[in-house]
Amino acid sequence: MKLAQGPRPLSIKLFAAFFLTAAISTYVLNLTNLPVQQQIFALYLPWSGWSQDWTIVALSAILSIAFIPVAWIYLRASRVARWLVTGFSLLKLLSFPRMFMLWFSDPYINIMYLREPVLIALALIMLFTPSANRWFRQTQEPDLAVFD
(Lines give C-alpha, C1' and ligand atoms only; values in the text may rest on other atoms or scores of the structure.)
Protein backbone atom coordinates (compact mmCIF):
# COMPACT_ATOMS: atom_id res chain seq x y z
CA MET A 1 0.00 0.00 0.00
CA LYS A 2 1.41 3.34 -1.07
CA LEU A 3 1.41 6.62 0.76
CA ALA A 4 -1.51 8.89 0.00
CA GLN A 5 -0.68 11.58 -2.53
CA GLY A 6 -1.39 15.28 -2.33
CA PRO A 7 -1.94 17.62 0.57
CA ARG A 8 -3.96 16.41 3.53
CA PRO A 9 -7.29 18.20 3.97
CA LEU A 10 -7.69 20.36 7.05
CA SER A 11 -10.26 17.94 8.47
CA ILE A 12 -7.72 15.07 8.40
CA LYS A 13 -5.12 17.28 10.08
CA LEU A 14 -7.67 18.28 12.73
CA PHE A 15 -8.69 14.64 13.21
CA ALA A 16 -5.07 13.70 13.91
CA ALA A 17 -4.61 16.66 16.25
CA PHE A 18 -7.81 16.00 18.22
CA PHE A 19 -7.31 12.25 18.44
CA LEU A 20 -3.66 12.44 19.47
CA THR A 21 -4.35 15.25 21.95
CA ALA A 22 -7.04 13.08 23.54
CA ALA A 23 -4.68 10.10 23.76
CA ILE A 24 -1.71 12.08 25.10
CA SER A 25 -3.73 14.10 27.62
CA THR A 26 -5.37 10.94 28.96
CA TYR A 27 -1.97 9.28 29.21
CA VAL A 28 -0.55 12.19 31.19
CA LEU A 29 -3.64 12.39 33.39
CA ASN A 30 -3.47 8.66 34.11
CA LEU A 31 0.23 8.94 34.95
CA THR A 32 -0.63 11.51 37.61
CA ASN A 33 -3.05 8.99 39.17
CA LEU A 34 -0.95 5.82 39.05
CA PRO A 35 -2.38 4.18 42.19
CA VAL A 36 -5.92 4.59 40.86
CA GLN A 37 -4.93 3.26 37.43
CA GLN A 38 -3.17 0.34 39.05
CA GLN A 39 -6.39 -0.54 40.92
CA ILE A 40 -8.44 -0.20 37.73
CA PHE A 41 -6.10 -2.51 35.81
CA ALA A 42 -6.14 -4.99 38.72
CA LEU A 43 -9.94 -4.92 38.72
CA TYR A 44 -10.39 -5.46 34.98
CA LEU A 45 -7.27 -7.51 34.27
CA PRO A 46 -6.81 -9.81 37.26
CA TRP A 47 -3.13 -10.39 37.79
CA SER A 48 -1.21 -10.39 41.06
CA GLY A 49 1.79 -8.64 39.53
CA TRP A 50 0.31 -5.19 38.94
CA SER A 51 2.82 -2.64 40.14
CA GLN A 52 3.31 0.99 39.27
CA ASP A 53 5.96 -0.04 36.74
CA TRP A 54 3.60 -2.44 34.97
CA THR A 55 0.85 0.17 35.08
CA ILE A 56 3.14 2.62 33.28
CA VAL A 57 3.98 -0.07 30.72
CA ALA A 58 0.28 -0.76 30.12
CA LEU A 59 -0.56 2.94 29.83
CA SER A 60 2.31 3.40 27.37
CA ALA A 61 1.07 0.47 25.29
CA ILE A 62 -2.41 1.98 25.18
CA LEU A 63 -0.93 5.31 24.06
CA SER A 64 1.15 3.70 21.32
CA ILE A 65 -1.90 1.81 20.04
CA ALA A 66 -3.65 5.15 19.49
CA PHE A 67 -0.86 6.29 17.16
CA ILE A 68 -1.22 3.36 14.74
CA PRO A 69 -4.65 4.10 13.18
CA VAL A 70 -3.87 7.82 13.07
CA ALA A 71 -0.74 7.06 11.06
CA TRP A 72 -2.68 4.79 8.70
CA ILE A 73 -5.36 7.42 8.16
CA TYR A 74 -3.00 10.37 7.84
CA LEU A 75 -0.31 8.69 5.75
CA ARG A 76 -2.26 6.14 3.71
CA ALA A 77 -5.91 7.30 3.73
CA SER A 78 -6.88 3.86 5.03
CA ARG A 79 -10.63 3.29 5.00
CA VAL A 80 -10.26 0.25 7.25
CA ALA A 81 -8.48 2.35 9.88
CA ARG A 82 -11.21 4.98 9.56
CA TRP A 83 -13.91 2.46 10.42
CA LEU A 84 -11.85 0.86 13.20
CA VAL A 85 -11.32 4.27 14.79
CA THR A 86 -15.02 5.03 14.38
CA GLY A 87 -16.15 1.77 15.97
CA PHE A 88 -13.83 1.87 18.94
CA SER A 89 -14.38 5.58 19.48
CA LEU A 90 -18.15 5.13 19.52
CA LEU A 91 -17.74 2.40 22.13
CA LYS A 92 -15.64 4.76 24.21
CA LEU A 93 -18.20 7.54 23.84
CA LEU A 94 -20.94 5.30 25.27
CA SER A 95 -19.48 5.95 28.73
CA PHE A 96 -19.61 9.75 28.37
CA PRO A 97 -23.11 10.28 29.82
CA ARG A 98 -22.22 8.23 32.89
CA MET A 99 -18.91 10.08 33.29
CA PHE A 100 -20.66 13.43 32.96
CA MET A 101 -23.30 12.53 35.56
CA LEU A 102 -20.60 11.25 37.89
CA TRP A 103 -18.67 14.49 37.55
CA PHE A 104 -21.87 16.53 37.97
CA SER A 105 -22.74 14.67 41.19
CA ASP A 106 -19.22 14.84 42.66
CA PRO A 107 -17.28 18.07 41.97
CA TYR A 108 -14.07 16.52 43.32
CA ILE A 109 -13.75 14.31 40.26
CA ASN A 110 -11.23 15.81 37.87
CA ILE A 111 -13.00 17.57 34.99
CA MET A 112 -10.01 16.70 32.80
CA TYR A 113 -11.48 13.20 32.42
CA LEU A 114 -14.23 14.79 30.33
CA ARG A 115 -11.67 16.21 27.88
CA GLU A 116 -10.98 12.88 26.17
CA PRO A 117 -14.56 12.11 25.05
CA VAL A 118 -15.05 15.66 23.79
CA LEU A 119 -11.84 15.51 21.74
CA ILE A 120 -12.72 12.07 20.41
CA ALA A 121 -16.16 13.29 19.36
CA LEU A 122 -14.54 16.23 17.53
CA ALA A 123 -12.07 13.85 15.86
CA LEU A 124 -14.92 11.62 14.66
CA ILE A 125 -16.76 14.59 13.22
CA MET A 126 -13.61 15.52 11.29
CA LEU A 127 -13.40 11.97 9.85
CA PHE A 128 -16.77 12.36 8.14
CA THR A 129 -16.60 15.84 6.64
CA PRO A 130 -16.92 16.18 2.85
CA SER A 131 -13.19 16.89 2.46
CA ALA A 132 -12.33 13.79 4.50
CA ASN A 133 -14.71 11.71 2.38
CA ARG A 134 -12.88 12.90 -0.76
CA TRP A 135 -9.55 12.07 0.94
CA PHE A 136 -10.65 8.49 1.57
CA ARG A 137 -12.14 8.13 -1.91
CA GLN A 138 -8.97 9.11 -3.75
CA THR A 139 -8.10 6.53 -6.35
CA GLN A 140 -5.19 4.20 -5.84
CA GLU A 141 -3.62 3.94 -9.28
CA PRO A 142 -1.22 1.06 -9.86
CA ASP A 143 2.45 1.91 -9.94
CA LEU A 144 3.39 1.48 -13.60
CA ALA A 145 7.11 1.53 -12.83
CA VAL A 146 6.74 -1.99 -11.45
CA PHE A 147 5.90 -3.29 -14.94
CA ASP A 148 9.01 -1.87 -16.63
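Helices are DSSP runs of H or I with at least four residues, numbered from the N terminus. The model is a predicted one, in which local features need pLDDT of at least 70 and side-chain atom pairs count only at pLDDT 80 or more, while totals for chains, interfaces and linings use all residues. Residues are numbered from 1 along each chain as its sequence is written, and side-chain values use heavy atoms, with hydrogens and water left out.

The buried residues of helix 2 include Leu34, Gln37 and Phe41. These residues cover an arc of only 60° around the axis, which places them on the same side of helix 2; the arc is taken from the directions that lead from the helix axis to the C-beta atoms. Helix 1 (10-32) and helix 3 are among the elements that cover the buried residues of helix 2. Ala42, which is also located in helix 2, counts as partly exposed because its relative accessibility is 34%. Between the C-alpha atoms of Ala42 and Thr55 the distance is 9.4 Å, with 13 residues separating the two in sequence.

The axes of helix 2 (residues 34-44) and helix 3 (residues 52-76) come within 9 Å and cross at roughly 80°. Helix 2 is therefore roughly perpendicular to helix 3, a class that spans 65 to 115 degrees. Axes are lines fitted to C-alpha atoms, for helices over the stretch in contact, and the angles between N-to-C directions run from 0 to 180 degrees. On the side of helix 2, the contact (heavy atoms within 4.5 Å) is made by Leu34, Pro35, Gln37, Gln38 and Phe41, and on that of helix 3 by Gln52, Thr55, Ile56, Ala58, Leu59 and Ile62. Seven of the residues in this contact are nonpolar, four are polar and none is charged, with Ala, Val, Leu, Ile, Met, Phe, Trp, Tyr, Cys and Pro taken as nonpolar, Asp, Glu, Lys and Arg as charged, and the others, Gly among them, as polar.

One salt bridge is counted, defined as a side-chain nitrogen of Lys or Arg within 4 Å of a carboxyl oxygen of Asp or Glu. This salt bridge joins Glu116 and Lys92, whose closest N and O atoms are 3.6 Å apart. Because Glu116 lies in helix 6 (residues 115-127) and Lys92 in helix 4 (residues 79-93), the pair ties together parts that are 24 residues apart in sequence. Glu116 is buried, at 17% relative accessible area, whereas Lys92 is partly exposed, at 40%.

Technical notes. Helices (H or I, at least four residues) and strands (E, at least two) are DSSP runs, numbered from the N terminus. Angles under 35 degrees count as roughly parallel, over 145 as roughly antiparallel, 65 to 115 as roughly perpendicular and the rest as oblique. Buried means under 20% relative accessible area, exposed over 50%, partly exposed in between (1.4 Å probe, protein chains only).
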